[in-house]
Every structure is written in C-alpha cells, then in structure tokens.
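Subject: Structure handover

Hello,

Here is the structure I said I would pass on. My notes on it follow below.

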Amino acid sequence: MSGIVFRISVAFLVGALAFMAGALYLSDYYVAEQRRLAAAGDPQSAMEASRTAVRLDPFDTDALEARSFLLQQQRQYVAAAEALREAIRRDPNNYMPHLMLANLQLTQLDDLDGAVESYREVLRLNPRSSIARASLAQALVRKGDLEAAKAEYEKLAERGEISAQGLYDLGRIYVRTGEPGEGLRALRRAERRAEGALDELEGPLKEQQQQAIVSMNLAIADALVVMGRYDEAREVIAQSSSAQAPALLQLLDSDPETYRETVVNSEIY
C-alpha cells in the first residue's frame with residue numbers, strides 16, 4: 001500500500017513540476033508577445049498579453065516590469081508605479097524593480113521622498129550601484145538636502161565612479177555649503193572631463209555638451225566670486241559665450257557682495 005502511495009505522490013510531483021514548467025514557458029512567451037505588440041503600436045493587445053503573463057507566473061517580476069514600461073509609454077504613471085510595487089512584493093530582494101520605481105518617482109511622479117527611500121533600498125540590496133547612488137544624490141539635491149547629497153557624491157568620487165555631471169553638482173554644492181575651494185576644484189575637473197568628451201559626440205548630443213560646458217564655466221566664475229577672487233571671475237565671465245555674461249559682469253562690477261550672496265543662496269536645480 002505504501003508503495004502505491006509513494007508512486008502516486010511521485011506522479012503528482014512530476015505533474016506539478018511539468019505544469020509549472022509549462023506555465024513559466026508560457027509566461028515568458030506572453031512577455032515577449034507584450035513587447036512585440038507594444039513595438040508594433042498595439043497597446044491594447046500588449047496589455048492583454050501582459051495580464052496573461054502575470055497570471056501564469058505568480059513569482060516572476062519580468063512581466064510586471066514590462067507592464068510598467070508599457071503603462072509609462074501610455075503616461076499612466078500611477079498604474080506603472082503600482083505594477084512595480086507588485087513586482088517588489090513578489091521579489092523584495094530584487095533591486096531592479098526598486099530602481100525602476102525610484103526612477104519613476106523622481107522623473108514622473110515628483111515624489112522626492114519616495115524616490116529617496118527607493119534609491120536607498122536599491123543601495124541596501126546592491127551597494128555598488130553607482131547609477132542608484134548618483135540618482136539618490138540628484139533626488140536629495142532637489143529636496144534641498146545638500147549635505148546628504150554631498151555625502152553621496154563624495155562616495156562616488158572616492159571610488160572614481162563620479163560623472164562630469166556629478167562633479168558639476170558636487171562643485172556647486174561645495175560652493176553653497178562653505179567649501180568654495182573644493183567646489184572650484186570639482187568644477188574645473190568637471191569642465192575638463194566634459195571638454196575631453198566633446199570629440200566623441202556629434203549632433204544634438206555635442207550641442208548639449210557644449211551648453212553644459214558653458215554652464216560649468218559660469219559655475220567656476222561663481223566659485224571665484226564666493227572666494228573673493230573677483231579679477232579672476234571677471235576674466236572667466238568676459239570670455240563666456242553665455243547670454244547671462246553681460247549682466248553678470250555688470251553685477252560683479254557694481255555689487256560683488258550681492259553677487260556672492262546670490263550664488264550662496266541660489267538653488268542648484
């Protein structure tokens with residue numbers, strides 16, 4: 001009798017595994033179908049494929065991540081965020097849904113507190129994620145928490161993982177938090193790095209980089225003004241192609257202290 005029970009149990013287990021394997025295969029198929037239909041411009045059918053994929057595999061997060069992307073394409077950002085939260089509930093130790101949710105909170109939902117929390121969770125799960133750390137720093141800057149943002153940028157700089165944009169932000173933070181000398185050094189590094197990358201770019205990307213360099217140049221002048229090095233600041237501004245340069249020169253010549261206070265009290269974003 002026990003042998004019969006054992007054989008029935010084994011058969012049941014084999015059947016369950018086969019069913020699960022089939023469901024997983026079909027889930028992957030419908031995720032691929034969702035992406036194909038979305039690319040073909042059929043969002044309604046893509047969403048149906050997404051629902052099927054989610055039902056077939058109650059543990060997978062890929063289908064929910066793909067659904068969130070589809071919803072974002074349709075500008076349904078709240079629903080897209082909920083899809084990612086469901087993915088997180090399914091697999092809380094997978095940092096990718098946390099990262100996608102954080103990016104959505106930062107860029108589309110204007111939920112800075114939520115974005116900071118989500119980025120910190122990403123870094124708890126994946127401490128080496130330089131993308132998450134840089135984005136966390138940007139979210140903290142937008143919240144006005146410059147000291148916390150500075151700490152995150154400094155971690156990136158210590159590891160040699162900070163971008164030119166990160167150095168630009170860090171330099172301006174230093175200038176506004178009582179370390180203009182450090183700010184000047186960071187800004188000059190950012191400018192050199194941005195200039196060094198120009199030859200690799202073309203078209204709109206090159207134009208965007210050139211505008212970023214102009215902004216970095218003016219930020220260098222700001223740092224010099226805060227340090228009281230007015231003659232050097234005047235020389236930098238005089239050589240700038242920025243439309244703001246004439247007004248800044250006039251302010252520097254007429255009231256350098258107001259210029260200094262304006263820089264120190266200004267927001268970065």
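Among contacts between residues at least 6 apart in sequence, 49% join residues at least 24 apart. Please keep in mind that this is a predicted model. The protein has 14 helices and 0 strands, and 41% of its 269 residues count as buried.

The nonpolar cores

The largest nonpolar core holds 52 residues. Tyr-119, Val-141, Tyr-153, Ile-173, Leu-187, Ile-237 and Tyr-259 have the most contacts inside this core. Helix α11 gives the most to it, with 10 residues. Another core, of 8 residues, lies apart from the largest one, and includes Tyr-77, Ala-80, Leu-84 and Leu-104. In soluble globular proteins, nonpolar side chains tend to be buried together.

Helix α8

Helix α8 covers residues 146–158, which makes 13 residues. From its first C-alpha to its last it reaches 18 Å, close to the 18 Å expected at 1.5 Å a residue.

Leaving aside neighbours within four places in sequence, Tyr-153 is in contact with Ala-134, Ala-137, Gln-138, Val-141, Ile-162, Gly-166, Asp-169, Leu-170 and Ile-173. After α8 comes Gly-160, with a positive phi near 70°.

Ser-118 in helix α6

Helix α6 spans residues 112–125 and contains Ser-118. Is Ser-118 buried or exposed? Ser-118 counts as buried, because its relative accessibility is 9% and the cut-off for buried is under 20%. Not counting residues up to four places away in sequence, Ser-118 touches His-98, Leu-101, Ala-102 and Gln-105.

Where α11 meets α14

Helix α11 (residues 203–226) and helix α14 (residues 256–265) have axes that come within 9 Å and cross at roughly 120°. The crossing of α11 past α14 is left-handed. On the α11 side, the residues in contact are Asp-222, Val-225 and Val-226; on the α14 side they are Pro-256, Tyr-259, Arg-260, Val-263 and Val-264. By class, this contact has 6 nonpolar, no polar and 2 charged residues.

Regards

Technical notes. Residues are numbered from 1 along each chain as its sequence is written. This is a predicted model: local features need pLDDT of at least 70, side-chain atom pairs count only at pLDDT 80 or more; totals for chains, interfaces and linings use all residues. Side-chain values use heavy atoms; hydrogens and water are left out. Axes are lines fitted to C-alpha atoms, for helices over the stretch in contact, and angles run from 0 to 180 degrees between N-to-C directions. Helices (H or I, at least four residues) and strands (E, at least two) are DSSP runs, numbered from the N terminus. A crossing is left-handed if the near helix is turned anticlockwise from the far one by less than a right angle, and right-handed if clockwise. Contact means heavy atoms within 4.5 Å. Ala, Val, Leu, Ile, Met, Phe, Trp, Tyr, Cys and Pro count as nonpolar, Asp, Glu, Lys and Arg as charged, and the others, Gly among them, as polar. Buried means under 20% relative accessible area, exposed over 50%, partly exposed in between (1.4 Å probe, protein chains only). The expected span of a helix is 1.5 Å times one less than its number of residues. A nonpolar core is a set of buried Ala, Val, Leu, Ile, Met, Phe, Trp, Tyr and Cys residues joined through side-chain atoms within 4.5 Å.
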